[in-house]
Amino acid sequence: MWRWRKALQQWVLRHTPREAQARLTQRRIYLLPTRFGAIMLVVALAVWVGALNYAVSLAYVLSFWIVALMLLSVLLAYRQLAGLQLQARAAANVFAGDEARFLVHLQWADTQPRRLRLRWYEGDTVLAESTAPGDYALPLAAPYRGQLAMPVLRVWSEAPLGLVRAFSHVRLQAALWVYPQPLADPRELAWQGGEGEAAATEPGGDEFAGLAPWQAGQSLHRIAWRVYARRGSLAAREFASPAAAGGLPRLSWDDYAANVPPEQRLSHLCWHVLQATRAGAGLRLRLPQGEYHVDAGDGEPALLALARFGVHDAGG
């Protein structure tokens, strides 16, 4: 049973192209009896067989009445979805580990209320119930950094009798960016200065700038042995050079040892960008693919650069 369900899911995904706006027409709406509706059909069949054997007129009436009710339910359930228009709205970017919210606008031509339900195709939780046109926020977990596209959406209705389910699948053309998960960094990098002001130095120079916890992979010549003799813990000497006049402090991919995993580097850089943004400091972010200038208090370009790092199909 699970194999057939998996094959059906793959077929639905292949035959549901992405579209900016979807309108449900007759060719896109499917109808199936609900569990209660299937039981009613079995009852109608049993009553009809009994009517044939015992020639009871009222039994014929009851069986035909149930069948007529099922046919009426087909029409009423179909009308719940007929002409429904779905359009994706712009969604806010989030950090890895948070919950993304895709906005979907529902609209139909008439003024009659409809009882609709929405969920992701591969999920079982009802995300929203709609009785009137408007925008609806659909939550989706965002565990990983990168671009998150809206999954296939299932919209259905069993109203008004609950005997027949009308449903359709829609894949809207919508995506958002997931920033790296901020991870506190004990090192003080170039953007940090006294009382929220940017420091006037850049890392990588010849002047002594302070101490930082030593990390595996760093040169042994940078270890402050005197500090180790006093404290019993390894510390690395940091060097910097005066920042150019009118320049911005810098965050760099190369500020970390080679053995630090890429995702951990991105998380540390994300944390520093957020700290600089809250302090109202401008900065430069240097990544292997390029350098990004960020205005004071506006960390969005830097966060997008971190989210797009290594995503080759990110687009513009």
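The model is a predicted one. Its chain has 316 residues, and buried residues make up 41% of them. The secondary structure comes to six helices and 18 strands.

**The chain as a whole**

- Start with the surface: the chain exposes about 18,300 Å², and carbon and sulfur atoms supply 56% of that area.
- Now think about which parts of the chain touch each other. Among contacts with a separation of 6 or more, 68% are between residues 24 or more positions apart.

**A four-stranded sheet**

- Look for an open sheet of four strands, in the order β2-β4-β6-β9, with antiparallel pairing.
- The strands at the edges are β2 (21-23) and β9 (134-141); each has a single partner strand, so one side of each is left without a neighbour in the sheet.
- From one strand to the next, the twist averages 25 degrees.
- Strand β6 (residues 99-107) pairs with β9 in the antiparallel sense, over eight bridges.
- To see this pairing at the level of residues, find Phe102, which stands opposite Leu138 in β9.

- Leu13 has its place in helix α1 (residues 2-14).
- Is Leu13 buried, partly exposed or exposed? Its relative accessibility is 22%, so Leu13 counts as partly exposed; the cut-off for buried is under 20%.
- Leaving aside residues up to four places away in sequence, Leu13 touches Glu122, Val152 and Arg171.
- Leu13 and His169 are 156 residues apart in sequence, yet their C-alpha atoms are 9.1 Å apart in space.

**Salt bridges**

- Arg89 forms a salt bridge with Asp135, and the closest N and O atoms are 3.4 Å apart. Arg89 lies in strand β4 (residues 85-89) and Asp135 in strand β9, so this pair ties together parts that are 46 residues apart in sequence.
- Both partners count as partly exposed: Arg89 has a relative accessible area of 34%, while Asp135 has a relative accessibility of 48%.
- Glu158 forms a salt bridge with Arg165, with 2.6 Å between the closest N and O atoms. Glu158 is partly exposed at 26% relative accessibility, and Arg165 is partly exposed with a relative accessible area of 30%.
- The side chains of Glu291 and Arg286 also meet in a salt bridge, at 2.9 Å from N to O. Glu291 is partly exposed at 32%, and Arg286 is partly exposed at 29%.
- Which residues are linked in a network of salt bridges? Arg284, Arg286 and Glu291 are linked in this way.

**A nonpolar patch on the surface**

- On the surface, Leu45, Trp48, Val49, Leu52 and Phe64 form a nonpolar patch, and together they have about 490 Å² of accessible area.
- Helix α2 (residues 35-54) supplies the largest share of the patch, with four residues.
- Leu52 is found in helix α2, and at 47% relative accessibility Leu52 counts as partly exposed.

Conventions. Residues numbered from 1 in each chain as written. Predicted model: local features only at pLDDT ≥ 70, side-chain atom pairs only at ≥ 80, totals over all residues. Heavy atoms only, no water. Patch = residues over 30% accessible without salt bridge, like charges linked within 9 Å, V, L, I, M, F, W, Y side chains within 5 Å. Areas by Shrake-Rupley, 256 points an atom, 1.4 Å probe, with all protein chains shown as cover. Salt bridge = Lys/Arg side-chain N within 4 Å of Asp/Glu carboxyl O. Helix = DSSP H or I, 4+ residues; strand = E, 2+ residues; numbered from the N terminus. Buried < 20%, exposed > 50% of the residue type's maximum accessible area, 1.4 Å probe, protein only. Pairing = 2+ DSSP bridges. Axes fitted to C-alpha atoms, helices over the stretch in contact; angles between N-to-C directions. Contact = heavy atoms within 4.5 Å.
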